[in-house]
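This report covers selected local features of one structure. The sequence and structure come first.

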Amino acid sequence: MTKRQPQNQTPAFCNYDNSTYQEDFWGDGKRAYEDAAEAMALARLLPKSGKLMLEIGAGAGRNTLRYEGYERIVVLDYALTQVQQARQRLGASPRFIYVAADVYRLPFVNELFDGATMIRVVHHLSQLDPAFAEIQRVMQTYSTLILEYANKRNLKAILRWLTGKQKWNPFSREMVEFATLNFDNHPGTVEAVLRKNAFAVEKALSVSSLRVSGLKSNPANLNWMMKLESILQYLGAGVKLSPSVFLRCRSIETKTKSRFDQFFICPNCRSYSLTHLLNKEVCQSCGYEYPIVDGVYDFRVIPADQNRAA
């Protein structure tokens, strides 16, 4: 079979494939404070145990081992090279399933997962509604979604706007694209889209409130910063003025039991008719072929006119 063109396009998003993102952004302890703050938030929000976790936007697996309560984890990112780095870091273990795929076209059967995380992904999505709808599709009823988003209504943005150093209004509900395919979102907008897609917000944390270059660049500050961070995550949860907000959400959509005899579907045509060959999955309905590259299932549906940017 030949690989046919995709049946429809998906909204634009940022793609870190073949980039040096991990080293440029996280290397040499550049963001030790942010990493520690996020680890603290996850520990406070994650369920104690679970069967199958979907980690959306896993990158090179920075957070994967923090989901210690889950028996199995799908390590998913659109960037194939990032997932390959995750496999190199975490190893070829039955606990981890490595997948390159699009959040708007998840290659999984309905109601498969009892847990999911999406950390540092929302700010790279040009549209939230179709992404949250697709995540809801693959979640079981009462399953947990841990979501992080870049907060448009953060204290720094408010001060810059009030002093005339910033044109866009941090209190308006529309998302703002502050760099190409990098978006800040208003808390009210994010929570409204979650409600629309049958996710109930159970708990919020204000994260990385001390994200100030002069403070975080000095490793000697990390200890006292994390002590203060521990307090601010709870203290600021109501007003949400931090640059990053974490939410624990619950799927409240009533669903029937999924077809658990199958794991993957074709993300192009949604067919269950996938055939596993030696080094690829082939859809018998639309003819799309998905290679398995270095232990990574590559379920990306590549548009004829690629509209994604690194």
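Helices (H or I, at least four residues) and strands (E, at least two) are DSSP runs, numbered from the N terminus.

## Model and numbering

This is a predicted model, in which local features need pLDDT of at least 70, side-chain atom pairs count only at pLDDT 80 or more, and totals for chains, interfaces and linings use all residues. Residues are numbered from 1 along each chain as its sequence is written, and side-chain values use heavy atoms, with hydrogens and water left out.

## Glu134 in helix 4

E134 lies in helix 4. Its relative accessibility is 5%, so E134 counts as buried (under 20% relative accessible area, 1.4 Å probe, protein chains only; exposed is over 50%, partly exposed in between).

Apart from neighbours within four places in sequence, E134 is in contact (heavy atoms within 4.5 Å) with V103, Y104, R105, L106 and R270.

## Helix 6

Helix 6 (residues 187-196) is largely enclosed by the rest of the structure, because seven of its 10 residues are buried. These are P187, G188, T189, V190, E191, V193 and L194.

The cover over the buried residues includes helix 4 (129-138), strand 5 (139-150), strand 8 (199-207) and strand 9 (244-251). After helix 6 comes A198, with a positive phi near 65°.

## Leu155 in helix 5

L155 belongs to helix 5 (residues 155-162). With 46% relative accessibility, L155 counts as partly exposed.
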